[in-house]
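This report is written for a reader who wishes to inspect a protein chain at the level of single residues. Please keep the sequence and the structure at hand while reading.

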Amino acid sequence: MDVTAPAHPHKVIACREYNVIVPFVCHRCGNCCRRYEPIIELELLPEIARSLGEPIDVIQNRLGADSLSHSAGHPTDCCFLHPRHSGCIIYEVRPTDCRQFPPLTGVGTGAVDCPGYREYSRVLNEFTCSPEHLRQGRSAAAGGQRQIPPHARRDVLRTLTNAKASAPFLQVFEEMNG
Ligand code: SF4
């Protein structure tokens, strides 16, 4: 597992006198888990088994059954996708493969309809197109932390509202931009 991966992948935008950290926040909709077989690191199996309260061989059997279906051309949903609530049941110990989705490189999310990525893109666009934040022109990301000053908070909030940022997004945004 890539323990260095941040809890929320993000991009830093250099604004006039401050940096804005735009995080990606997963909506736990499960769209990326449908008809998908993740690559699970072997060393994660004990942690997954512990988190589910199941023996490792039961987990291995589930993964094996999924693998067989996929190889036979009948892709199933990830076996760790909750059947009713659409959420990942091993989210806290999910493998690197899942932690790295979606890529925030601008390549996009392929065929997956990812509401978290759409929200991330909306917020990014609002900030990069907003004259309030960039009225002196775009500067390169400055080193060190340049926190959002109190007098700019109202503009930042307006931008987030224009981007229709969700409550969970706003919470993470607040935590990361302090
Ligand atoms: S599709 Fe996007 S928002 Fe939905 S669970 Fe996957 S990463 Fe999260």
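**Overall architecture**

The model is predicted, not experimental. Its chain contains 7 helices and 2 strands. Along the sequence these elements follow the order β-β-α-α-α-α-α-α-α. Of the 178 residues in the chain, 36% count as buried. Contacts between residues at least 6 apart in sequence were also examined, and 67% of them join residues at least 24 apart.

**The largest pocket**

The largest pocket holds about 660 Å³ of space. Its lining is made up of 37 residues, and those that lie nearest the centre are Cys26, Tyr91, Arg94, Cys98 and Phe101. By class, the lining has 24 nonpolar, 7 polar and 6 charged residues.

Which domains supply at least three residues each to this lining? Both domain 1 (1-27 + 114-178) and domain 2 (28-101) do so. Among the secondary structure elements, α3 (96-99) and α4 (115-128) each supply at least two lining residues. The element that gives the most is α3, with 3 residues.

**Helix α4**

Helix α4, a contributor to the pocket lining, consists of 14 residues. From its first C-alpha to its last it reaches 20 Å, close to the 20 Å expected at 1.5 Å a residue. Its buried residues are Pro115, Gly116, Tyr117, Glu119, Tyr120, Val123, Leu124 and Phe127. An α-helix has 3.6 residues a turn, so residues three or four places apart point the same way. The buried set of α4 includes Tyr120, Val123, Leu124 and Phe127, and the charged residue Glu119 is also part of the buried set.

**Backbone features**

Most residues other than glycine have a negative phi, and most peptide bonds are trans. The peptide bond from Phe101 to Pro102 is cis, with omega near -5°. Pro102 belongs to the loop between α3 and α4, while Phe101 is one of the residues nearest the centre of the largest pocket.

The other two places are arginines. Arg28 has a phi near 55°, a positive value in a residue other than glycine, and Arg35 likewise has a positive phi, of about 50°. Arg28 lies in the loop between β2 (19-23) and α1 (45-52), and Arg35 is placed in the loop between β2 and α1 as well. Is Arg35 buried or exposed? Arg35 counts as exposed because its relative accessibility is 58%, above the 50% cut-off. Arg28, by contrast, is partly exposed, since its relative accessible area is 36%.

**Residues and their surroundings**

Gly30 is a further member of the loop between β2 and α1. Why does Gly30 count as buried? The relative accessible area of Gly30 is 5%, which means that it falls under the 20% limit for buried residues. Beyond its neighbours within four places in sequence, Gly30 is in contact with Leu81 and Ser86.

Val12 lies in strand β1 (residues 10-14). With a relative accessibility of 37%, Val12 counts as partly exposed.

Glu92 is located in the loop between α2 (56-71) and α3. Glu92 is exposed, with a relative accessible area of 64%.

| Residue pair | Separation in sequence | C-alpha to C-alpha distance |
|---|---|---|
| Val12 and Pro23 | 11 residues | 8.6 Å |
| Gly30 and Cys114 | 84 residues | 8.8 Å |
| Glu92 and Ile48 | 44 residues | 9.2 Å |

**Summary of the main points**

The predicted model has a largest pocket whose lining draws at least three residues from each of domain 1 and domain 2. Helix α3 gives the most to that lining. The loop between α3 and α4 contains Pro102, and the peptide bond from Phe101 to Pro102 is cis. In the loop between β2 and α1, Arg28 is partly exposed, Gly30 is buried and Arg35 is exposed.

Definitions and conventions. Residues are numbered from 1 along each chain as its sequence is written. This is a predicted model: local features need pLDDT of at least 70, side-chain atom pairs count only at pLDDT 80 or more; totals for chains, interfaces and linings use all residues. Side-chain values use heavy atoms; hydrogens and water are left out. Helices (H or I, at least four residues) and strands (E, at least two) are DSSP runs, numbered from the N terminus. Buried means under 20% relative accessible area, exposed over 50%, partly exposed in between (1.4 Å probe, protein chains only). On a 1 Å grid over the protein atoms alone, a cavity is a set of points where a 1.4 Å probe fits but cannot get out, and a pocket is an open set with protein on both sides within 12 Å along at least five of seven lines; lining residues have an atom within 4 Å of a point. Grid points are joined across faces, edges and corners, and a volume is the space filled by probe spheres set on the points. Domain bounds come from an automatic or database domain assignment. The expected span of a helix is 1.5 Å times one less than its number of residues. Contact means heavy atoms within 4.5 Å.
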